[in-house]
Amino acid sequence: MAGPFDIVVIGGSAGSLSMVLQILPYLKMDIPIAVVVVFHRKSSEDTTLIELLSHRTEFEVKEVDEKDLIRPNVVYVAPADYHVLIEKDHTLSLDVSEKVNFCRPSIDVTFESAADVYGKSLMCILLSGANADGVQGLKAARDKGGFVVVQDPASAEVSYMPQQATEQLPVDLLLHDDNIDVLIDCLRLPKR
Amino acid sequence: MSYLPCYNVIYHNADMNQETSLDLSDNEIEIVLHDLVEVHGYDFVNYSRASLKRRINRLVANDKFLSFAEFRYRLRSDDVYFKHFVEEITVNVTEMFRDTQFYRTLREEILPVLATSPLIRIWHAGCSTGEEVYSMAILLQEARLLQKSLLYATDINPAVLEKVRAGVFPMNQMKQYSENYILSGGKNDFSSYYTAQYNAAKFDEQLGKKIILANHNLVSDSSFNEFQLILCRNVMIYFDKELQERALKLFDDSLEPLGFLALGSKETLKFSSISHKYRQVANKEKIWRKIR
Ligand SMILES: C[S@@+](CC[C@H](N)C(=O)[O-])C[C@H]1O[C@@H](n2cnc3c(N)ncnc32)[C@H](O)[C@@H]1O
């Protein structure tokens, strides 16, 4: 059984920002977890995103720099045009290798490497999007005992991505606008 | 004890079709890396492990190995396969005029400084297939400096160096590169620099004339010349701290006083032991000048 959690990795594409903006205010300093967010985004939209996210949470929000040590109470945002991977020593690394599912950053890449390092203490959240990126990564997370959350396709702005997930694997929690508190309860599980 | 009692498995309608491919463990990866040092003299031990593991596992799946032992044996004993391994394991993704502001800074602030020297030596360390080198050659040509320049292009992957030599890049990239070129301050018609041959763009031979190719490994080889400008972009993100430090010392040894060192958009000199000898040039671009 999954949990307690050290890290939450959130993957989102088209239409996912609003859900992230809804989740962020729930992140209070007494929840000792780290968050990594992988958005499919273009280089040009860069600068304002970090600022926009920072205003919504008590956590520090920063764009990933290579070799950043993963710390609780920080939201790390994948930079445009780099994949983000997680090392065994809990540092982040960046990678410019081939696009995966036509995307860089790819959600699959981060989910898979997080699964490898964090196993049961990983929660993955896949949100709205028009692409199948993230689904393989959720499977990997699940295989390693991680907890899988998918935005309810019915309430996602773009249902394709979460729909692919719900069709291809069992999901632990289906997320919509009015059960975010359930998600946060999961994150508050006591550390062993 | 079970956590998450009531929220668990709220949604279940999937049939799990698992494809099983061989996945090497961390320990097996370790063994492979030590074999490479011992048998082939290539040292990837200090590379960022997550990316390396991902690429090795991808290779093992693509090449349909059934067991670790089979893969290990092949890699140890077959030199042709080892060459293929290096080609697949290194990340050779690159672009022309990637990070357009960076190239604009080179064009507007760095080249005018270099213009004063009688001979300009530039080193592209980890040049991959050469898109960065040809971009630089175009900048130099436009600044009328190419004639007195030498561009050293080095990499550990011999296969990419062949591509630099050919100066042929995929035609379907040209639209993007042309946009990049203009955003970086280019004023010419980008298509005047190449001739289209089916799906390939062959770049003007004049641009390639000043490029010198060499196999050079930042892990084990030493300094081989002095340069006014060294570019090593998106190579050190694959190195651990120790190896980054080695590479930076090597660049420091290979830079003339007041020379420039250019890194990738997410790389920095900041935390290294040579940082006190350098001053960052234009605050947002990753270019440093050697000041002592
Ligand atoms: C992602 S590419 C960067 C290409 C180009 N500099 C750019 O930024 O677009 C990284 C290159 O570094 C090379 N490389 C990796 N390890 C190296 C080493 N130890 N010594 C020299 N080159 C290396 C790889 O073969 C690859 O071609």
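Biologist: How many salt bridges does the rule find across the interface of chain A and chain B?

Modeller: The rule finds seven. This is a predicted model, where local features need pLDDT of at least 70, side-chain atom pairs count only at pLDDT 80 or more, and totals for chains, interfaces and linings use all residues. Residues are numbered from 1 along each chain as its sequence is written, chains are lettered from A and ligands numbered from 1 in the order in which they are written, and side-chain values use heavy atoms, with hydrogens and water left out.

Biologist: Why is the meeting of Asp95(A) and Arg54(B) called a salt bridge?

Modeller: A salt bridge needs a side-chain nitrogen of Lys or Arg within 4 Å of a carboxyl oxygen of Asp or Glu.

Biologist: What makes residues of chain A and chain B count as in contact?

Modeller: Their heavy atoms lie within 4.5 Å. By that rule, 46 residues of chain A are in contact with 39 residues of chain B.

Biologist: What is the area that chain A and chain B bury between them?

Modeller: About 3,600 Å², with 53% of it on carbon and sulfur atoms. Buried area is the accessible area (1.4 Å probe) that two parts lose on being put together, summed over both.

Biologist: And within chain B, which domains are assigned?

Modeller: Domain 1 (26–89) and domain 2 (100–290), with bounds from an automatic or database domain assignment. Nine residues from domain 1 of chain B and 11 residues from domain 2 of chain B make the contact.
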